[in-house]
Amino acid sequence: MNIRIFNSREDLNATAAAVIAGLLLTKPQAMLGLATGSTPIGIYQHLADMYRKGQVSFARAFAVNLDEYVGLSQDHPQSYRRFMNEHLFQHIDIPIAHTRVPDGNALDLAAECAAHEQAILDHGHVDLQLLGIGHNGHIGFNEPGRSLTGSTHVVDLEERTRTANARFFGHIDAVPKQAITMGVGTILKAKQIVLVAFGADKADIIKQALTGPVTTECPASLLQCHPNVLILLDQEAGGWFN
Ligand SMILES: N[C@@H]1[C@@H](O)[C@H](O)[C@@H](COP(=O)(O)O)O[C@@H]1O
């Protein structure tokens, strides 16, 4: 694992954006695995800036997202499809047909999970998977437990996760109780993984994920088994590492 600690979030965001842009220079048709949440927003802003300046093109790239809430239409203000459109896709030249966010409103959720998995398989693999981390160690929406599911599936969200995400919905009752998420197997098949975390509230779980036992009770700890992981942290989340 390559762990880098940054004094400024700006530098961290620029570094993550440069890694993604660098991949697209060498492989313009790369499949990017993308994440939502507050953490990647600055990275997406950097990528949009780089696109405006002619430093990167997504015209041949593909994007597949980690997860989506069950029961939200794609244009719901808190749907991850809308998040991706507003924070990234609208600002770059990726063809919208090259982007895939699970459809949380699908009538047949099992078929939707299979279709998401197949979209990745059709491409071969995710070239670079961007990840944030939940306070309980979840990646995507893979919640801690006695076992984990390998492929894309429907998951019941932990109360802690719903509480953390209630800030976006106004009230916890409005937060969906389920989500579709890529499985840990799907995530670990990516050729490269870039995990990003900011803030003191993520320090404990980052330390546990990177230095603790590999356990399904901390899904992010499974990243210790992947051969190509870049961890980008600010001082608050990663200061313990120095
Ligand atoms: N499903 C997402 C995750 O992909 C994300 O990494 C995590 C952290 O979010 P944030 O970046 O806002 O801390 O929460 C959400 O629940």
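**Ligand shell, sheet and first helix**

By class, the residues around the ligand comprise 4 nonpolar, 9 polar and 1 charged; here Ala, Val, Leu, Ile, Met, Phe, Trp, Tyr, Cys and Pro count as nonpolar, Asp, Glu, Lys and Arg as charged, and the others, Gly among them, as polar. The shell holds 14 residues, of which Gly37, Ser38, Thr39, Gly132 and Gly134 are the closest; a residue is near the ligand if its C-beta atom, placed from the backbone, lies within 6 Å of it. The model is predicted: local features need pLDDT of at least 70, side-chain atom pairs count only at pLDDT 80 or more, and totals for chains, interfaces and linings use all residues. Residues are numbered from 1 along each chain as its sequence is written.

An open sheet of 7 strands runs in the order β1-β10-β9-β6-β2-β3-β5, with parallel pairing. Strands are DSSP runs (E, at least two residues), as are helices (H or I, at least four), numbered from the N terminus; two strands pair if DSSP finds at least two bridges between them. Strands β2 (residues 31–34) and β3 (residues 62–65) are joined in the parallel sense over 4 bridges, and Leu32 has Ala63 of β3 as its bridge partner.

Helix α1 covers residues 9–26. Its buried residues (20 or more other C-beta atoms within 10 Å of their own; exposed means 12 or fewer) are Leu12, Asn13, Ala16, Ala17, Ile20 and Leu24. They lie on the same side of α1 because they cover an arc of only 130° around the axis, taken from the directions from the helix axis to the C-beta atoms. The face turned away from this buried side carries the exposed residues Glu10, Gly22, Leu25 and Thr26.

Notes
Expected span 1.5 Å × (residues − 1).
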